[in-house]
Amino acid sequence: MTVSIIRFGGSNCDRDAVRALDALDVDAEIVWHEDGLPADATGVVLPGGFSYGDYLRAGAMAAQSPIMADVRDLAADGVPVLGVCNGAQIGCESKLTPGAFTTNASARFQCEHVNVRVENADTPFTAAYDEGDVLTLPIAHGEGRFEIGAERYDDLVSEDRVLFRYCDEDGELSDDANPNGSTGAVAGVLGERDSVAVLMPHPERATLPELGLTDGQGVLRAFA
Amino acid sequence: MRTFVYLRVFPKESLTTDAHISAMTAYTATVTVRLKHGVLDPEAETTQKALERLGFELGDLRSADRFEIDLEAADSDEAAERAGEMADRLLANPTIHDYDVTVETAE
């Protein structure tokens, strides 16, 4: 019963993920990407960071690592897979999840607290919440603007695969509450199964009570 | 940030026999990767503003990544096909990018 947190060259939120899962009594270990995934992994986290220095595009190089084939196999078996920040970029680059995360509309790295609204509470990552709940989570990214063609965006919405949208503290969508210019204010999406999800905000940085924010705990409870 | 990457790729079969080598030609394939029309390019907008601050007058500015790939192939079509496959698999992200490939005989 161990969750694998995959460390790529340049990952830097891997230990945060271990700490956060540990606080929820979830057994987790860091796995170096070249070592492959343990076959009995009960979950996978693609952590944040700057894998391969964001060369070419954020997440593009890590997406080519052979371990991602293992991740796809486990994901197809229904094992929960969560990509956070750089892990979200890796998830989209490896086609585990739809769309792409690219340069913020501001063209700046943004490190701040944001509000996100739960759009689909019928997933392992959001079962702890109700649809419409507003969570406060940290973001820290330069390439978090969600992009997807108009047609595929309509499919994403009709298939209920938008997990979170950026919103204000009352849960309302607005340009001001969309920190990076994401299409549809999308902050997180689901893959083909609702057990595969990526999001740009950091739930593992909003889990330990001593850090002040705990709204992210519910996301990580997918692995409990 | 614009990226220039130079790759030198030799297919394995070019190393098998001398006769085969003589049938291969050295090409340089240039892959240009651009954001699809309508996809916001904040870096280009920032660059444009900086040029305008310097006093330049310009209508619009677009940015692109260019990859120059040296490779050996039987003919230019094969060289273009292989460079296109590299773009499909890695150099471009089809969600946000278009790309084009041009091939020249290497100097």
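**Close-ups of a predicted two-chain model**

**View 1. Polar contacts link chain B and chain A.** Five residue pairs are in polar contact between chain B and chain A, both residues at pLDDT 80 or more; such a contact is a pair of N or O atoms within 3.5 Å, where within protein one must be able to donate a hydrogen and the other to accept it, and residues adjacent in sequence count only if both atoms are side-chain atoms. Zero salt bridges are found across this interface (a side-chain nitrogen of Lys or Arg within 4 Å of a carboxyl oxygen of Asp or Glu). This is a predicted model, so keep in mind that local features need pLDDT of at least 70, side-chain atom pairs count only at pLDDT 80 or more, and totals for chains, interfaces and linings use all residues. Residues are numbered from 1 along each chain as its sequence is written, and chains are lettered from A in the order in which they are written.

**View 2. The area between chain B and chain A.** About 1,300 Å² is buried here, with carbon and sulfur atoms giving 60%; buried area is the accessible area (1.4 Å probe) that two parts lose on being put together, summed over both. Pro42(B), Leu90(B) and Thr95(B) supply 39% of what chain B buries against chain A, more than any other three residues.

View 3. All five of the five residues in β10(A), 186-190, are buried (under 20% relative accessible area, 1.4 Å probe, protein chains only). Strands are DSSP runs of E, at least two residues, numbered from the N terminus, and two of them pair if DSSP finds at least two bridges between them. β10(A) pairs in the antiparallel sense with β9(A) over three bridges, and Arg165(A) stands opposite Val186(A).

Methods: Heavy atoms only, no water. Buried < 20%, exposed > 50% of the residue type's maximum accessible area, 1.4 Å probe, protein only. Helix = DSSP H or I, 4+ residues; strand = E, 2+ residues; numbered from the N terminus.
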